[in-house]
Amino acid sequence: MPLAFGPTDRGILPDRMIATLTSSGGIITSVPLADDQIQPASLDLRLGEVAYRVRASFLPGPRATVAERIDSLKLHEIALGDGAVLETGCVYIVPLQESLALPADLGAAANPKSSTGRLDVFTRVIADTARSFDRIEPGYHGPLYLEISPRTFPVLVREGSRLAQMRFHRGRSLVAGDALVDLQAREGLVDEEGADLAEGVAVGVDLAGFGPDGLIGYRAKHHSGLIDVDRRARYDVAEYWEPLHANRGKTLILDPDEFYILASKQAVTVPPDFAAEMVPFDPLVGEFRVHYAGFFDPGFGCDEAGGHGSRAVLEVRSHEVPFILEHGQTVGRLVYEHMLAQPDQLYGEGIGSNYQAQGLKLSKHFRV
Ligand SMILES: O=c1ccn([C@H]2C[C@H](O)[C@@H](COP(=O)(O)OP(=O)(O)OP(=O)(O)O)O2)c(=O)[nH]1
C-alpha cells in the first residue's frame, strides 16, 4: 500500500514510512535493502560498482543528466568491487545503488553520515537536472550519484559502502519562534539557561576541555595511512590525530586548511518526534566552517534512549586566515523539524548506533 497523507501533514518520514516508500516503489534498489539500512529518520545510501574520477565537481543543471556530464568530464573509471582507494584532493562520482521514483508530494535531502564527516571526506548527492547538491525535488524520478572528495585521509571503499544518508520529507515543518522557545522549555534541547534560539538553537564550542588533561579535540595529521571506511575500532588514534588540550585562555587558533574534531559546550537533545540538522551559524562569517555531516537523529541525547548528556561533535576547518575560537563561541545552529510520526526505533536503541551519549568522539574507525 502506498503512503497516504492528510492535506496538512508535514514533516520527515520515520523508519516505517521509508520502508513503505521502498515497498511501494518510491525507492528503487539495484541490490535488496540491507536490514540496518533504514535508520530512525533516514536511509543509508550505498555505493554502486564503479567510481569515475572527474576533472572537477559539477552540477548537471536543468538540461543535462549526470551520466552525460560524467561522459564529458571523466578521467578514469575505477571498479569498486571488493575495494578501491579514493585519494585525497581528487573528485570522484559514484552511481548509487538506490534510485528514486518519488510521489509528487515527497522531496528528499542528503548529508554525509557522521562517520564520513568525521574523516574529513566530503560527499554530496547529485540528481539528474539538479540545480543544487544534496536537495532532491519533490516527485523526482531518476538515479542518484555521490560526489566524493577525501580531504585529509585517503580512504578504502567498496561496492555497498555507505558514506551518505537521505531524509525524505513532505513539505517543510521547521520549528521556529515561540514553538522553539516552548520546545526548549519543555525538552531542554540544549542544557543552557537563556540559550540563543534565533533561527535554530545556537551551539557553542567547548574549549575548557574534557577529563583530567583537558582534552578539547584533535587535529588531523597529514600523510597518515589509509582508512577502510567499513572497519570499526581498527586504527590507532595517535597515528592519525594530534590531541589538543585546553590553554589558560580557553581559546584555539585554527590554522588555515587544517581539519579539527571538537565538541559542543552544550549537551544536545533531539526529542523522539523531531529530527534536527546542524547548519553554519551565519553564512556571512566565512572564516571557518563547521560541519559536513549535519543530521541529528530522533532520540539523540535523550534519556529514554540512553543518550543523556550527548555532545554534538563538530568538524571544523579554517579557511584563508588563522582564526581564534573562544570557549562557548557559537559555531553552529541546530534546526529542528517535525517528524511525520515518531520512529519505531530511536537513535541508540539497540540499532548499533555509534555516537549516542558521546563526548568528544572520533569516528567509529578508531580504537579508544
Ligand atoms: O556532525 C555531526 C553529525 C551527527 N552527530 C551525531 C548526531 C547523530 O544522530 C549521530 C549519528 O549520526 P549519523 O547517523 O550521521 O552517523 P553514522 O555514521 O551513520 O553513525 P551511526 O552508525 O551511529 O548511525 O551523530 C554529531 O555529533 N555531529
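Student: Which side chain meets that of aspartate 230 in a salt bridge?

Tutor: This is a predicted model, in which local features need pLDDT of at least 70 and side-chain atom pairs count only at pLDDT 80 or more, while totals for chains, interfaces and linings use all residues. Residues are numbered from 1 along each chain as its sequence is written, and side-chain values use heavy atoms, leaving out hydrogens and water. A salt bridge places a side-chain nitrogen of Lys or Arg within 4 Å of a carboxyl oxygen of Asp or Glu. At 2.5 Å from N to O, the partner of aspartate 230 is arginine 158.

Student: How many residues does each domain bring to the contact?

Tutor: The domain assignment, automatic or from a database, gives domain 1 (11-170) and domain 2 (174-338). Their C-alpha centres lie 24 Å apart. With contact taken as heavy atoms within 4.5 Å, domain 1 brings 31 residues and domain 2 brings 28 residues.

Student: Which residues of domain 1 lose the most area to domain 2?

Tutor: Buried area is the accessible area (1.4 Å probe) that two parts lose on being put together, summed over both. Between the two domains this is about 2,500 Å², with 60% from carbon and sulfur atoms. Together giving 25% of what the domain 1 side buries, the residues are Arg118, Phe153 and Arg167.

Student: How many salt bridges are counted between domain 1 and domain 2?

Tutor: Twelve residue pairs across the two domains, both at pLDDT 80 or more, are in polar contact. That term denotes N or O atoms within 3.5 Å, where within protein one must be able to donate a hydrogen and the other to accept it, and residues adjacent in sequence count only if both atoms are side-chain atoms. For salt bridges, the count between the domains is three.

Student: Which side chain makes a polar contact with the side chain of serine 42?

Tutor: Serine 42 occupies the loop between strand S2 (27-29) and strand S3 (43-46) and is buried, at a relative accessible area of 1%. Among the residues it touches are Ile18, Met166 and Asp297. At 3.5 Å, its side-chain polar partner is glutamine 165.

Notes
Helix = DSSP H or I, 4+ residues; strand = E, 2+ residues; numbered from the N terminus. Buried < 20%, exposed > 50% of the residue type's maximum accessible area, 1.4 Å probe, protein only. Lists of a residue's contacts leave out its neighbours within four places in sequence.
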